[in-house]
Amino acid sequence: MLTTAIVPHASAEFATDVRNGLVKRGQKELPSKYLYDEVGSRLFEVISALPEYGVTRADERLLRKHAAEIVERVPGAVMVAELGSGSGKKTRWILEALSHHRRTAYYPIEISATALAMCRRELADIDSISIVGFEREYLDGLLEVAARRQDGQRILVLFLGSTIGNFDRPADVGFLREVRLILQPGDALLVGTDLEKPVPQLIDAYNDPLGVTAAFNLNLLARINRELGADFVLNQFTHEARFNRETGSIEMHLRSAEDQIVSIHRAEISVPFLKNETIWTETSHKYSLHEVVCMAEDAGFRCEAQWADREWPFAENLLIAE
Ligand code: AVI
């Protein structure tokens, strides 16, 4: 087993993205990818263990149960690229199923160095699997993985945990299209999607009584304080999870408790907030099985198979590039 890290220069975009999101007219917003610094990645691990949040357990149950069948449907030599590996715990089932028959290279692609390190530690013991991590944005990382393809090899891309739902709609289809452009016919994409469920259950999952999701959301302001020299007072903002019936998505917001002005030194801005004004920090779309099939077709894939969890409506969808 071999592990290597390939790390580029640190992102210089954080200040620009924060400035653009907070000075924009109308709804203020911050990109959800910035929720995952070291503290945020660890808080997300805790969210995954909460009884109210079933997404990660459902994903893991499905992969544990169906990994052998999933890899059988992607025959021959494969290289595995994972978009947003997280801790890597769920990926174990797929890699173990592959390692029974084939030597396989596994390329986790992550913007979070903490998650990449957790993933490498978690999976280091699987024989016949070599791990090369890319600290990159998803598509940049996937391009680099595709450049390493050898003759006759297929790429199996994993996009687990319903991270696809964190794109605003229809950016999710647009993203799948971009993935498809990097792939060749016959390559596979295994995508996890959280499915529609009753709104009160969703609100509990995204506003848990322990306050872990609130801390996860507020950490974004704490991160801006730490990294961009801002003066957000955290108890002047409250976490909110709401369901948008028009889009079929949960939204996370941070609501200003007062009229206030926040300075963000390294973004060179002072931002006025009205009492009750919110910053939109994340979208989490909830799909129907049929919607996933249509989205796949729109993006140039055919849906080969879907496996759904009964305990917590969630699906693994195996898409084949046409
Ligand atoms: C990573 N992603 C799929 C999570 C979700 O459910 O949308 C992020 C999350 N946000 C709050 N809780 C979990």
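**Backbone, ligand, helices**

Author: Pro170 sits in the loop between β6 (154-159) and α7 (171-182); helices (H or I, at least four residues) and strands (E, at least two) are DSSP runs, numbered from the N terminus. This is a predicted model, where local features need pLDDT of at least 70, side-chain atom pairs count only at pLDDT 80 or more, and totals for chains, interfaces and linings use all residues. Residues are numbered from 1 along each chain as its sequence is written, and side-chain values use heavy atoms, with hydrogens and water left out.

Reader: Ok, and the peptide bond from Arg169 to Pro170, cis or trans?

Author: That bond is cis, with omega near 0 degrees. Most peptide bonds are trans, and most residues other than glycine have a negative phi.

Reader: Which residue has a positive phi although it is not a glycine?

Author: Ser128, with a phi of about 65 degrees. Ser128 lies in the loop between α5 (113-123) and β5 (129-135).

Reader: Switching to the ligand. How many residues surround it?

Author: 14, and the closest are Tyr53, Asn166, Tyr206, Glu282 and Ser284; a residue counts if one of its heavy atoms lies within 4 Å. The shell divides into 7 nonpolar, 6 polar and 1 charged. Here Ala, Val, Leu, Ile, Met, Phe, Trp, Tyr, Cys and Pro count as nonpolar, Asp, Glu, Lys and Arg as charged, and the others, Gly among them, as polar.

Reader: How far is a polar side-chain atom of Tyr53 from an oxygen atom of the ligand?

Author: 2.5 Å. For Asn166 a polar side-chain atom is 2.9 Å from a ligand oxygen, and for Ser284 a side-chain N or O atom is 2.6 Å from one.

Reader: Which elements each supply at least two residues of the shell?

Author: α2, α9 and β12 (278-285).

Reader: At what angle do α2 and α9 pack?

Author: Helix α2 (residues 38-49) and helix α9 (residues 212-228) pack at about 180 degrees, with axes 9 Å apart. Axes are lines fitted to C-alpha atoms, for helices over the stretch in contact, and angles run from 0 to 180 degrees between N-to-C directions. So α2 and α9 are roughly antiparallel, a label for angles over 145 degrees.

Terms used:
Parallel < 35°, antiparallel > 145°, perpendicular 65-115°, else oblique. Polar contact = N/O pair within 3.5 Å; in protein donor to acceptor, adjacent residues only side chain to side chain.
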